[in-house]
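Trainee: I would like to learn how to read the features of a structure, one by one. Could you take me through this one?

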Amino acid sequence: MAREECKALLDGLNKTTACYHHLVLTVGGSADSQNLRQELQKTRQKAQELAVSACARLTAVLRDRSLAADERAEFERLWVAFSGCLDLLEADMRRALELGAAFPLHAPRRPLVRTGVAGASSGVAARALSTRSLRLEAEGDFDVADLRELEREVLQVGEMIDNMEMKVNVPRWTVQARQAAGAELLSTVSAGPSSVVSLQERGGGCDPRKALAAILFGAVLLAAVALAVCVAKLS
């Protein structure tokens with residue numbers, strides 16, 4: 001039961017961290033807005049809630065000395081996956097902090113991406129006024145307060161990582177994977193049997209006929225290039 005709970009928490013944390021990473025990449029771009037900053041705030045707070053729950057659950061289980069060896073190995077794999085996910089979350093939060101400070105919402109907006117639109121200023125202004133603005137107006141200094149909060153949260157995540165390493169000592173290089181390298185490539189990703197390609201079929205030996213054809217094609221191509229250079233010099 002504890003294993004399934006930890007897996008569910010880790011799965012939710014992975015998805016939330018991936019979503020946060022995707023949102024961070026748009027900060028400072030043409031799609032940046034207060035709506036994006038609010039979505040970033042909600043996503044990172046959700047990720048931190050999941051991280052706190054997963055950390056508490058995994059720590060309690062791994063500190064249990066009566067845990068069986070096979071179960072401990074499984075929880076150690078979950079612990080390594082969790083710590084790696086937490087490292088990525090901290091890195092993205094630091095990136096969001098840097099980008100948010102470099103592109104504040106309350107400052108006068110400047111075009112961050114050249115769209116190629118050119119023309120008289122009056123015409124461009126008329127077209128801009130005729131369309132509905134999709135950017136939310138910044139309410140006061142929302143981004144300034146959010147950056148301060150984000151800075152505190154980055155420190156909290158860093159402290160969580162340090163506390164994890166102090167409470168549970170699980171060296172990452174000692175944890176062994178359950179599957180062989182490349183085993184996920186063998187999984188069936190489509191219903192049609194014709195689309196399933198095995199590693200043996202992909203990694204087969206080189207066909208001598210294809211190799212010979214490639215060599216002949218390369219020789220002909222080099223000869224054509226040499227002939228073209230000679231003709232250019234003579235002319």
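Mentor: Gladly. Let us begin with the surface: the protein exposes about 16400 Å², and carbon and sulfur atoms supply 59% of that area. Accessible areas come from the Shrake-Rupley method with a 1.4 Å probe, and for residues only the protein chains shown count as cover. This is a predicted model, in which local features need pLDDT of at least 70 and side-chain atom pairs count only at pLDDT 80 or more, while totals for chains, interfaces and linings use all residues. Residues are numbered from 1 along each chain as its sequence is written, and side-chain values use heavy atoms, with hydrogens and water left out.

Trainee: How many helices and strands are there in the protein?

Mentor: Helices (H or I, at least four residues) and strands (E, at least two) are DSSP runs, numbered from the N terminus. Here you will find seven helices and zero strands, giving the pattern α-α-α-α-α-α-α along the sequence.

Trainee: What percentage of the residues is buried?

Mentor: Buried means under 20% relative accessible area, exposed over 50%, and partly exposed in between (1.4 Å probe, protein chains only). Of the 235 residues in the protein, 26% are buried. As for contacts, meaning heavy atoms within 4.5 Å, residues 24 or more positions apart account for 83% of those with a separation of 6 or more.

Trainee: Which residues form a nonpolar patch on the surface?

Mentor: Patches are made of residues with over 30% relative accessible area and no salt bridge; like charges are joined within 9 Å, and nonpolar side chains (Val, Leu, Ile, Met, Phe, Trp, Tyr) within 5 Å. In this model Phe217, Leu221, Val225 and Val229 form such a patch, with about 390 Å² of accessible area together. Val229 is found in helix 7 (residues 208–234) and is partly exposed at 41% relative accessible area.

Trainee: And salt bridges: how many does the count come to?

Mentor: Side chains of opposite charge can pair when their charged atoms come close. The rule asks for a side-chain nitrogen of Lys or Arg within 4 Å of a carboxyl oxygen of Asp or Glu, and by it the count comes to nine. One of them joins Lys7 and Glu74, with the closest N and O atoms 3.8 Å apart. Lys7 lies in helix 1 (residues 2–24) and Glu74 in helix 3 (residues 69–102), so the pair ties together parts that are 67 residues apart in sequence. Lys7 is partly exposed at 28% relative accessible area, whereas Glu74 is buried at 6%.

Trainee: Let us finish with one residue. Is Thr16 buried or exposed?

Mentor: Thr16, in helix 1, is buried, with a relative accessible area of 13%. A polar atom of its side chain lies 2.7 Å from the backbone oxygen of Gly12. Leaving aside neighbours within four places in sequence, Thr16 is in contact with Thr43, Lys46, Ala47 and Leu50.

Key. A polar contact is a pair of N or O atoms within 3.5 Å; within protein, one must be able to donate a hydrogen and the other to accept it, and residues adjacent in sequence count only if both atoms are side-chain atoms.
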